[in-house]
Number of protein chains: 4
Amino acid sequence: MLKIGLLGAGRIAGVHATAISAHAGSTLVAVSDYFPENAQKLAAEYGAEARTTDEIIADPSIDAVLIATSTDTHSDLIEAATAAGKAVLCEKPVDLSLERARTCLANSAPTGQPVMIGFNRRFDPNFGAMKAALDAGEIGKAELLSITSFDPAPPPIAYVKVSGGLFRDMMIHDFDMANFMMDEAPVSVMATASCIVDPEIGAAGDVDTAVVTLTYADGRIAVISNSRRAVYGYDQRVELLGSEGLLQAQNMLENTVVKSTTNGVTGAKPTYFFLERYMPAYAAEWGAFVDALTNGADIPVTLSDGIDALAMAEAATQSAQTGMPVKLGDV
Amino acid sequence: MLKIGLLGAGRIAGVHATAISAHAGSTLVAVSDYFPENAQKLAAEYGAEARTTDEIIADPSIDAVLIATSTDTHSDLIEAATAAGKAVLCEKPVDLSLERARTCLANSAPTGQPVMIGFNRRFDPNFGAMKAALDAGEIGKAELLSITSFDPAPPPIAYVKVSGGLFRDMMIHDFDMANFMMDEAPVSVMATASCIVDPEIGAAGDVDTAVVTLTYADGRIAVISNSRRAVYGYDQRVELLGSEGLLQAQNMLENTVVKSTTNGVTGAKPTYFFLERYMPAYAAEWGAFVDALTNGADIPVTLSDGIDALAMAEAATQSAQTGMPVKLGDV
Amino acid sequence: MLKIGLLGAGRIAGVHATAISAHAGSTLVAVSDYFPENAQKLAAEYGAEARTTDEIIADPSIDAVLIATSTDTHSDLIEAATAAGKAVLCEKPVDLSLERARTCLANSAPTGQPVMIGFNRRFDPNFGAMKAALDAGEIGKAELLSITSFDPAPPPIAYVKVSGGLFRDMMIHDFDMANFMMDEAPVSVMATASCIVDPEIGAAGDVDTAVVTLTYADGRIAVISNSRRAVYGYDQRVELLGSEGLLQAQNMLENTVVKSTTNGVTGAKPTYFFLERYMPAYAAEWGAFVDALTNGADIPVTLSDGIDALAMAEAATQSAQTGMPVKLGDV
Amino acid sequence: MLKIGLLGAGRIAGVHATAISAHAGSTLVAVSDYFPENAQKLAAEYGAEARTTDEIIADPSIDAVLIATSTDTHSDLIEAATAAGKAVLCEKPVDLSLERARTCLANSAPTGQPVMIGFNRRFDPNFGAMKAALDAGEIGKAELLSITSFDPAPPPIAYVKVSGGLFRDMMIHDFDMANFMMDEAPVSVMATASCIVDPEIGAAGDVDTAVVTLTYADGRIAVISNSRRAVYGYDQRVELLGSEGLLQAQNMLENTVVKSTTNGVTGAKPTYFFLERYMPAYAAEWGAFVDALTNGADIPVTLSDGIDALAMAEAATQSAQTGMPVKLGDV
């Protein structure tokens, strides 16, 4: 039974606390947070203790930590935890600074401790089934990947300002999804972006609508479309054209009811947002982490994977600003 | 090139006139109607002559007639045309009287002239593809057939009064579809029916909503649901459970556009009524008739098939009135 | 916090144990079973005690019992538990004997203890959304209900022999679904059934394929189709035609992946069986029971509801044997 | 009744001949072709005369010509026909040379003769319904357009060599679709392309897989994905995210049959290629042309529209070669 410390007690930390507690191979022993009362509240719900982050990292009885704190603390905490001999599952992104993330890898790798990055979508059963079909050769060789990823509504402007921008905060999931599906990182990134949903997002220096094209060494192409607003719900689709067919992972719907009236044939909307859509994925993600620690399975999303996605976000940010394509090797 | 006389110049006759003219192997030479001006108008559109029915039947240069007159004239015209050496394609139903239809068969069969009954739905590409998949063994052995057939809106009460009732007028199509899919007629018919759509239909002595269960000698079962009103359009679906799977023929839609808004995900309605839905079927039906006459192919829907469906309608009518099942051999 | 005793420790009892434990308003304190070691095993998983059924019923600290034992014990246990002042949630069916179920109602009603019957499908989010749309008037007045309910594969013959037959064991769920959607019981039941899936089922005196037509006092009609075998999965669909539209609750699918190849466009199968499909429904069912006990909400499925469904099963069994319709008032 | 001359007698000319003949307001009087025997054959089928192109253009009784010859003759024929006082419907593209197309516009505009370019997809009922919904404000303001357009199989290499390349030959349809949906041309074009389907296409100097991003003056974005091979059929989809929803025009399928087996739930493939998919569009296109000539309706796709699409193809070709975005104003 793995003993787990949870760093952070916000909304996503709560999701992880549920997964940690529900898994037969792990138990939540301690929770910390910048606001100790938040840690106490979350810890109480799961029969764990509230402690400081330092106490958790210093506790030799704790096997692994899940880092769900603010992004600017991720690299420091990965380094501290691995140095203390703990395995780490860290929420995305690794960091807003690509350079800092690379230093973090350099510092933590020598410890030999496993570090996994929380790209939860790889564990969605739909995308997982799609990848399995691809790997089984059901559509031959991959050629052209399209990822559609629209949030239902923009985040608060205060969040936008500290988010690192759409590419590092939102599309980073899609960069990782592209790497997952294509089994490697691209060589070049070309971004087109604008602010047409909400002018305040533009005033905050960010974009809300973007299309990024990725080119791969062997000529394959991927295209990612993002919007901060899809009023009908959380639109999360992936499709991949191969030499022998097409695979599509379509949206999950709120229910299966269809109504036919004089107005047409109407079905339910997509599940509203990531907590509804990806709840099973968070549980599966945790299961994969425990499996890696317990049974020696490979870490399915490594710190290097996290850095690849961050580099693509960095390249896309530069490309959107300059209007020119950016080679991934140049960032 | 087959020379064709068209008996009747109403709406469905116009559909047939188009099919006859468009087919490379047939030409429309004459049209008759109870109202001569209707015959003149339709004939003019297609470069044909308006004549009397007797003249058409007496013309030795005419190879075949298509009977699209009122139902009460069908049997007489089939007999007269076959006696005059003409092949016949007659609109459904053969007759409202099962006895008269049987006499018609007895009288026309000795002429050796081919008589086809216009059950157009057998020629719908969707139902045709479904039957082909069944015949190819794609779902193993047929077990349980369900036919859903809803009209968009009830016909005028004046029509209801002379229609012979829902079973002979509307469900007769579904009886033939059941025989088409199951490759034989059932042994027993049980009908449940009521008037819940429009009380005037009940006042006219008819029902507007009905469910009929058919049982086959080998234990297979079919169920047919009819309603005179589906406000969203013409609902025409067939599904068949077999030992190795399920086949469904779904509705044709007006277009493929899907709209996602805060109200849900809305697609187009089914095509509105039989002219929209079955126009390709009427052309294919005519093609099959010409093929039978020209190339010696089998008549795909015989007068006997028409009588089978009529017998089922008769049995269903009795069953709905008595509340008891009726053996097909007893009508 | 309601203290719950669980009678029975089989597969479905395990599902309920999870729901009881996961609910914030209830705790599982004791489990009994005919085989004490089964009770011990299940109790241990949830931190409860294994006891005898008599001990659980006699324990005044236990607020409610969930009866998940074999069907022949349901009536006795409902009577004993209510007599001991406990609320009851009892698995379907109430009993195989309609007479015994009625006596059970007569005996338990005077205690004033709430008794709920576990027709889990009422709590399926899809059927629930469909009923909510109907109640909101979205398709006007209900007219014609169709329920398709196919199991993926027949149960073992040993189970078939003690099941009470397809109507009491399998279609009873659909009878309750009809009553749920139509808001009352029908007046007449007409069943057609046969054994075409597996001759051993027939040899055991049961049928494996059946269609039942229900007629309501106001002319509405419902039709239920059952098969013990749908090789593609658990097929659970409901559709209802109303005066202003059609509602359909379609199948849940294993995932949303669609593959297009030269063979066609292929999506996932329906979830395989009731545990996969209805797991959320079992949790919602338990929540409704707790809500009724705690907050005074109505019991959503009463013992009378259970008897109605059983009476319909009895009528269908008679109808299938005699080939005649059976009035519900006559059973 | 408009008298029409048809220039060209190849496959697409045959499609147009059918549309011209079937329309009540036009009649096909003459056909020409580089190979006179082809003109004779096609003319005979439709009761028209075979003539030379010069004879047709010189015939004052002919009201309009439909140009369906090889692309390199389009500009010359547009100029000659308009100079002779004839209205023109010309197949796409206007020309492979943007400069020549602009000269053609300059030369033909002063004649005042209407010139329409045959972008048939604007007349597809699905895309038409989508545009109508957009124009009706059903999804608010357009923001992000995605066009997926895959051919079922690559054309012969001989064709590839004279086609002008994927952007001028194939994607030009999608450029026009973007202009149709967005109601204006973009300001900038960025193309990514490669040859991964068939190395012979690359050897011929062309690409077979491409993604193009278009940016509009107001910040809107469009993305077009093309592949020369989708083994499952002709994949023609358009989707548009707006401020209040999403519109999608999905594929037309060969039929509506769905088969559920142990292998999954399989529906029909998309209609195979443009003749199957767009046959109704060709008829509607011709109807719109006749309507413009007869009733004074606007020409729905002008020569300027054709030049806009060609300019986008030119820009995309340059962008794919240089890896840099190209401003539309610079080509």
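Tutor: Helices (H or I, at least four residues) and strands (E, at least two) are DSSP runs, numbered from the N terminus. The model is a predicted one, in which local features need pLDDT of at least 70 and side-chain atom pairs count only at pLDDT 80 or more, while totals for chains, interfaces and linings use all residues. Residues are numbered from 1 along each chain as its sequence is written, and chains are lettered from A and ligands numbered from 1 in the order in which they are written.

The part to examine is helix α6 of chain A, residues 125–135. Its buried residues are A:Asn126, A:Phe127, A:Met130, A:Lys131 and A:Leu134. Because these residues cover an arc of only 135° around the axis, they lie on the same side of α6(A); the arc is that of the directions from the helix axis to the C-beta atoms. An α-helix has 3.6 residues a turn, so residues three or four places apart point the same way. On the face turned away from the buried side, α6(A) carries the exposed residues A:Ala132 and A:Asp135. A residue is buried if 20 or more other C-beta atoms lie within 10 Å of its own, exposed if 12 or fewer, and partly exposed in between, with C-beta atoms placed from the backbone.

The buried residues of α6(A) pack against β7 (142–150), α9 (171–182), β11 (235–242) and β12 (245–249) of chain A, together with β13 (257–261) of chain C. After α6(A) comes A:Gly137, which has a positive phi, near 80°.

The wider setting begins with the domain assignment, automatic or from a database, which gives chain A domain 1 (2–113) and domain 2 (122–280 + 308–330). Their contact takes 8 residues from domain 1 of chain A and 7 residues from domain 2 of chain A; two residues are in contact if their C-beta atoms, placed from the backbone, lie within 7 Å.

Beyond chain A itself, 29 residues of chain D are in contact with 29 residues of chain A. Among the elements that give two or more residues to chain D's side are β7 (142–150) and β12 (245–249) of chain D. Since 100% of the interface residues of chain D are also interface residues in chain A, the copies meet through the same surface.
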